[in-house]
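Please look through the sequence and the model below before reading on. The paragraphs that follow move from the core to the disulfide and then to the aromatic rings.

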Amino acid sequence: MKNMLKIACALLLLSTYNCAPSKGKKDTTNINNSAVIAKNENTTDMQEKGFKKGTILVTKSKDCPYILNVEEYKDNLDPININEFFKTEVPEQVWIKFASLRMPSRCNDARPVSILEIHKRKE
């Protein structure tokens with residue numbers, strides 16, 4: 001009986017030792033693959049993630065400096081917080097996630113939206 005208990009304890013210790021992750025050796029394959037995946041995201045990947053294909057137009061209006069056109073919508077959008085995402089140059093083609101706002105419009109031609117997430121589009 002004591003021998004069976006010793007064997008069971010030894011097997012338990014051995015199995016937990018084998019299940020523990022190894023130390024010192026880093027798995028770099030995930031890091032390299034994630035960089036490649038980020039570069040190769042295509043239209044279906046971005047749409048599955050909830051992004052919309054958009055185009056940003058620069059206007060001369062002080063109240064409404066940028067107009068956002070999204071393919072799925074017929075109306076123009078006013079991205080009120082675009083300067084939080086792009087400090088210098090605003091790209092023309094973007095992938096965007098946004099939320100409609102309940103506030104008075106700053107522009108006559110566009111309704112206000114808040115950008116949740118935005119990425120440059122290379123198409």
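Which residues does Ile-56 touch, not counting residues up to four places away in sequence? In this predicted model, Ile-56 touches Tyr-66, Ile-67, Leu-68, Ile-82, Val-90, Pro-91, Glu-92, Val-94 and Ile-118. Ile-56 also belongs to the largest nonpolar core, a set of 14 residues in which Ile-56, Leu-68, Ile-82, Ile-96 and Ile-118 have the most contacts. At least two residues of this core come from each of strand 2 (66-70), strand 4 (93-100) and strand 5 (110-120).

The structure holds one disulfide, which joins Cys-64 to Cys-107 with an S to S distance of 1.9 Å. This pair links distant parts of the chain, 43 residues apart, since Cys-64 lies in the loop between strand 1 (52-58) and strand 2, while Cys-107 lies in the loop between strand 4 and strand 5. Both Cys-64 and Cys-107 are buried, and their link is right-handed, with 75 degrees about the S-S bond.

There is also one aromatic pair, formed edge-to-face by Tyr-73 and Phe-98, with 5.8 Å centre to centre and 70 degrees between the planes. Tyr-73 is in the loop between strand 2 and strand 3 (76-79), whereas Phe-98 is in strand 4, 25 residues apart. Why does Tyr-73 count as partly exposed? Tyr-73 does so because its relative accessibility is 35%, whereas Phe-98, with a relative accessible area of 16%, is buried. Arg-111 lies over the face of Tyr-73, 5.9 Å from the ring centre, and the charged end of Lys-97 sits over the ring of Phe-51, 4.8 Å from its centre.

Methods. Residues numbered from 1 in each chain as written. Predicted model: local features only at pLDDT ≥ 70, side-chain atom pairs only at ≥ 80, totals over all residues. Heavy atoms only, no water. Core = buried A, V, L, I, M, F, W, Y, C linked by side-chain atoms within 4.5 Å. Buried < 20%, exposed > 50% of the residue type's maximum accessible area, 1.4 Å probe, protein only. Helix = DSSP H or I, 4+ residues; strand = E, 2+ residues; numbered from the N terminus. Contact = heavy atoms within 4.5 Å. Disulfide = S-S within 2.5 Å. Phe/Tyr/Trp six-rings, centres within 6.5 Å; stacked < 30°, edge-to-face > 60°. Lys NZ or Arg CZ within 6 Å of the ring centre and 35° of its normal.
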